[in-house]
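Hi everyone, thanks for coming.

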Amino acid sequence: MSKILLIEDNEAIILGLEYLFKEEKFDFDFAKTKLEAMRKIEESLYDLILLDVTLPDGDGFEIAKVIKEKIDTPIMFLTAKDEEKDVVYGLDLGAEDYIIKPFRNRELISRIRNVLRRTEKNNIIECKGIKIDTTIGKVFLKDEEIILTKLEYKILLNLFINMNKLITREEILNDIWDIAGNFVNDNTLTVYIKRIREKIGDKDGKVITTVRGLGYRVEK
């Protein structure tokens, strides 16, 4: 059972997420202040930390900095601060995702599960000579590292995590929206897929299969 710490001072959100997370079989804990959050992080191990930016006694960005300096627990921001500079800053701090309030419960759960899959310890995903080590965030072709951009890595990882399943272009765009904003559109995605295929030696599309008019699939 994955253990999640929510750092949030809004009582309604805490109660709502506590119910939602228990329904989804997550081990739920929360902190309402920066001080309480830092104490809990020092005392317990969590699989994921969800945090607001605005807290009564501090700044969520500062908490993220401290977490990333001391431990490797994945972070997702859950906040009303929706300016582009805040989103970019949060992701640059190393957050796995940045979700803006108000949020949809099912989408939040989907994103949480996606982050937990990506950050699962000692997780190696392999297919057709391609190996992704999600613990260190690297991709290898026959044991030689392939250098991908952050977006390329996220797209490839999404396809590998969902191996044997069709992933629509819309689903991929939704997954990378928070990192790239409006700069990634449907046409740009085609370019990214082409670059990924070139880097992993898949110019003939045998690793990443195109399902015409729908999306892509990696088949083992």
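Before I start on the rings, here's the rule: rings of Phe, Tyr and Trp (its six-membered ring) count as a pair if their centres lie within 6.5 Å, with planes under 30 degrees apart called stacked, over 60 edge-to-face, and the rest tilted. By that rule the structure holds six aromatic pairs. Take Phe21 and Phe26, which pair edge-to-face, at 5.8 Å centre to centre and with 90° between the planes.

Two quick notes on where this comes from. This is a predicted model, where local features need pLDDT of at least 70 and side-chain atom pairs need 80 or more, while totals for chains, interfaces and linings use all residues. Residues are numbered from 1 along each chain as its sequence is written, and side-chain values use heavy atoms, with hydrogens and water left out.

Back to our pair: are Phe21 and Phe26 buried or exposed? Both are buried, meaning under 20% relative accessible area with a 1.4 Å probe, protein chains only. Ring pairs also tie Phe21 and Phe26 together with Phe28 and Phe30 in a cluster.

Phe30 has a charge over it as well: the charged end of Lys40 sits 5.5 Å from the ring centre. "Over" here means NZ of Lys or CZ of Arg within 6 Å of the ring centre and within 35 degrees of the ring normal. Elsewhere, Lys131 lies over the face of Phe140, also with 5.5 Å to the ring centre.

Now Thr79, which is in strand β6, residues 75-79. Thr79 is buried, with a relative accessible area of 1%. Its side chain makes a polar contact with the side chain of Asp52, at 3.1 Å. That term takes a pair of N or O atoms within 3.5 Å; within protein, one must be able to donate a hydrogen and the other to accept it, and residues adjacent in sequence count only if both atoms are side-chain atoms.

Finally, the largest pocket. A pocket is an open set of points on a 1 Å grid over the protein atoms alone, with protein on both sides within 12 Å along at least five of seven lines, and lining residues have an atom within 4 Å of a point. What lines this one? There are 25 residues, and Glu96, Thr119, Thr134, Gly137 and Tyr153 lie nearest the centre. Helix α6 gives the most to that lining, with four residues.

Key
Buried < 20%, exposed > 50% of the residue type's maximum accessible area, 1.4 Å probe, protein only. 1 Å grid on protein atoms, 1.4 Å probe; cavity = no way out; pocket = protein on both sides within 12 Å on 5 of 7 lines; lining within 4 Å. Helix = DSSP H or I, 4+ residues; strand = E, 2+ residues; numbered from the N terminus.
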